Amino acid sequence: MTATLFTLTFAVAAPFWALMILLPHWSWTARIISSPLIVLPVVAIYALLVIPAFGDVLPAVTSPTLGGVRDLLGTSDGAAAGWAHMIAFDLFVGRWAWLDSRERGVPALVMAPVLVLTILLGPLGLAAYLGVRARWPRPTVARAPEPQRLG
């Protein structure tokens with residue numbers, strides 16, 4: 001079952017990445033990606049892997065040591081759970097970056113390689129997007145004038 005869950009992890013996330021990278025201007029992409037619930041299928045897989053091993057996982061994460069984390073991730077179940085953890089967070093970060101880039105008007109051709117980098121090497125993709133977003137400031141929203149007080 002672990003091998004199946006491992007394979008399923010990226011398969012359930014891939015359609016969302018495809019929408020953001022390949023169909024960024026399709027109206028349904030914005031509707032779908034705007035929901036943070038898109039990460040729930042991966043989170044469910046993570047839960048299926050972690051909850052049965054909670055007795056082993058909890059000590060490794062509450063008092064982490066290099067050896068303890070290595071031993072936890074060095075099993076098939078641990079590697080599959082670690083993979084699901086990474087995929088869930090990478091998707092959540094990619095979703096945030098895509099939504100933020102739309103607000104800022106970052107071109108889709110600029111975002112595509114950033115999103116691919118986020119899929120492959122999550123934190124480096126995040127760093128790349130933080131660099132990109134500095135060039136496209138968020139548009140300012142015109143405020144309604146304050147009502148004048150009488151007296």
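**Exercise 1.** Does phenylalanine 6 count as buried, partly exposed or exposed?

*Solution.* The model is predicted. Step one: take the relative accessibility of phenylalanine 6, which is 39%. Step two: compare it with the cut-offs, where buried means under 20% and exposed over 50%. Phenylalanine 6 therefore counts as partly exposed.

**Exercise 2.** Classify the aromatic pairs in the structure and state what each one ties together.

*Solution.* Step one: a search of the whole structure finds 2 aromatic pairs. Step two: take phenylalanine 6 and tryptophan 83, whose ring centres are 5.6 Å apart with planes at 35 degrees, so this pair is tilted. Phenylalanine 6 belongs to helix α1 and tryptophan 83 to helix α6, so the pair ties together parts 77 residues apart in sequence. Tryptophan 83 has a relative accessible area of 29% and is partly exposed.

Step three: take tryptophan 96 and tyrosine 129, with 5.5 Å centre to centre and 85 degrees between the planes; this pair is edge-to-face. Tryptophan 96 is in helix α6 and tyrosine 129 in helix α8, so parts 33 residues apart in sequence are tied together. Tryptophan 96 is partly exposed at 32%, whereas tyrosine 129 is buried at 0%.

**Exercise 3.** Describe the largest nonpolar core and the surroundings of leucine 91.

*Solution.* Step one: this core has 29 residues, and Leu91 is one of those with the most contacts inside it. Step two: the elements giving two or more residues include α1 (2–22) and α8 (122–135), while α6 gives the most, with 8 residues. Step three: beyond four places away in sequence, leucine 91 touches Ala13, Phe16, Trp17, Met20, Ile38 and Val39.

Technical notes:
Residues numbered from 1 in each chain as written. Predicted model: local features only at pLDDT ≥ 70, side-chain atom pairs only at ≥ 80, totals over all residues. Heavy atoms only, no water. Core = buried A, V, L, I, M, F, W, Y, C linked by side-chain atoms within 4.5 Å. Buried < 20%, exposed > 50% of the residue type's maximum accessible area, 1.4 Å probe, protein only. Helix = DSSP H or I, 4+ residues; strand = E, 2+ residues; numbered from the N terminus. Contact = heavy atoms within 4.5 Å. Phe/Tyr/Trp six-rings, centres within 6.5 Å; stacked < 30°, edge-to-face > 60°.
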